[in-house]
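Please read them with the coordinates open.

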Amino acid sequence: MSKPNLARRVAEAAEIALTTRKYVTFIDVVTGLRWLHSRHVDTWRQGRAATLAELAAVDEERLLTAAGLLRDWARAKGLRPVDTPYVAGTRDRRELRFTAGPEQAPFRVHWLSPDLSEARVRRLTEAQSKAPDLVAVAPLEAWTCASCGDTGPYLIMEDDRPHCLTCADLDHLEFLPSGNAALSRRAKQESGLSAVVVRYNRRRKVYQRVGLLVEQAALAAAEERCLADEELRLRRRERDRVRRAEMDVEYQAAMAAEIARLFPGCPGERARRIAEHAGQRGSGRVGRSAAARALDENAITLAVIASIRHLDTDYDSLLMAGVPRMEARDRIRTVIERKLEEFRRPG
């Protein structure tokens with residue numbers, strides 16, 4: 001890839017991060033370029049790799065070039081540089097290294113938008129400088145402790161080698177599974193020592209949080225606090241549920257109105273059903289995407305196409321007959337195009 005092409009791709013990846021979060025990091029760029037997957041970054045942050053470069057799909061020189069291009073782009077945009085420490089989620093809290101070379105500063109810089117308020121900048125700086133949680137891994141395969149040669153349900157990395165909780169002096173902690181956010185949050189607050197437990201999800205190819213290791217007394221104290229205000233939290237959850245439902249009704253009505261504007265030939269009842277189906281909370285459908293919630297024309301059109309595909313063609317029958325999905329879509333393409341044209345015509 002030529003340097004101008006790389007500069008363009010770096011700028012595109014950085015622009016997405018800046019638009020989403022109002023700041024950009026080198027990690028945003030290399031994951032946006034697909035040189036690294038988020039699972040590689042997780043492995044590195046857990047202290048299970050000496051450098052980030054050894055997990056990347058390109059060499060260290062290419063990474064340094066990308067960091068330089070990010071710096072040039074950020075300066076041209078007037079972004080504010082903030083040097084940010086990167087610390088491993090290990091007992092020694094060692095500084096994470098991006099490459100084996102001596103120059104680490106270009107990779108640590110976070111580029112902040114000038115639109116950020118001072119209060120937001122201060123919160124970001126505090127959050128970024130805070131030492132990360134200790135991370136214990138629930139391994140999927142057999143492993144051996146580097147100190148005692150034994151094994152166990154969890155391992156923690158020290159000196160780039162796995163250690164059992166006993167050798168890491170964490171065997172007095174109790175496992176609290178995920179699922180109760182209030183209990184987990186309070187147990188962590190009460191515990192002088194804690195660790196986040198993660199497990200690798202092979203299907204999604206990411207490490208997922210499965211619980212916490214906390215002190216037994218902290219867990220007991222957290223349970224008492226949760227019991228004391230359980231009724232209050234139930235009422236608050238009910239209010240939040242009603243508020244979210246009201247917001248969904250307003251959003252679905254706005255989506256239906258936008259469908260009617262873009263497709264004036266679409267019957268009003270059909271537009272309402274499309275909006276309700278596509279915008280259902282937790283469905284993962286196109287209507288729940290950020291673009292659709294911003295009433296982006298392309299996302300709205302995709303929701304209408306999905307409705308036509310299932311209601312006005314034999315697409316579902318083709319799938320049931322064993323026709324491959326992409327072939328089935330090719331077969332019904334002309335039907336969808338005709339129906340879209342019909343919907344676009346007023347009346």
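1. Arg21 has a relative accessibility of 30%, so this residue counts as partly exposed. In this predicted model, Arg21 is paired with Asp28 in a salt bridge whose closest N and O atoms are 2.4 Å apart. Asp28, at a relative accessible area of 15%, is buried, because the cut-off for that class is under 20%.

2. A second salt bridge joins the side chains of Glu118 and Arg80, at 3.7 Å from N to O. Glu118 belongs to helix H6 (residues 118-129) and Arg80 to strand E2 (residues 80-83), so this pair ties together parts that are 38 residues apart in sequence. Glu118 is exposed at 54% relative accessibility, while Arg80 is partly exposed at 40%.

3. Elsewhere, salt bridges with shared partners link Asp83, Glu95 and Arg108 into one network. The search over the whole structure gives 21 salt bridges.

4. Helix H10 (residues 268-278) also packs against helix H12 (residues 297-311), with an angle of about 105 degrees and axes 10 Å apart. The two helices are therefore roughly perpendicular. H10 contributes Arg270, Ile274 and Ala278 to the contact, and H12 contributes Ala303, Val304, Ser307, Ile308 and Leu311. By class, six residues of this contact are nonpolar, one is polar and one is charged.

5. How do H7 and H8 cross, and at what angle? The axes of H7 (residues 181-190) and H8 (residues 216-228) come within 8 Å and cross at roughly 135 degrees, so the pair is classed as oblique. The crossing is right-handed. On the H7 side the contact is made by Ala182, Leu183, Arg186, Ala187, Gln189 and Glu190; on the H8 side, by Ala218, Leu219, Ala221, Ala222, Glu223, Arg225 and Cys226. These residues divide into eight nonpolar, one polar and four charged.

6. Met157 sits in strand E5 (residues 155-158) and is buried, with a relative accessible area of 9%. Leaving aside residues up to four places away in sequence, Met157 touches Gln46, Gly47, Arg48, Thr90, Arg91 and Pro162.

Key: Residues are numbered from 1 along each chain as its sequence is written. This is a predicted model: local features need pLDDT of at least 70, side-chain atom pairs count only at pLDDT 80 or more; totals for chains, interfaces and linings use all residues. Side-chain values use heavy atoms; hydrogens and water are left out. Axes are lines fitted to C-alpha atoms, for helices over the stretch in contact, and angles run from 0 to 180 degrees between N-to-C directions. Helices (H or I, at least four residues) and strands (E, at least two) are DSSP runs, numbered from the N terminus. Angles under 35 degrees count as roughly parallel, over 145 as roughly antiparallel, 65 to 115 as roughly perpendicular and the rest as oblique. Contact means heavy atoms within 4.5 Å. Ala, Val, Leu, Ile, Met, Phe, Trp, Tyr, Cys and Pro count as nonpolar, Asp, Glu, Lys and Arg as charged, and the others, Gly among them, as polar. Buried means under 20% relative accessible area, exposed over 50%, partly exposed in between (1.4 Å probe, protein chains only). A crossing is left-handed if the near helix is turned anticlockwise from the far one by less than a right angle, and right-handed if clockwise. A salt bridge is a side-chain nitrogen of Lys or Arg within 4 Å of a carboxyl oxygen of Asp or Glu.
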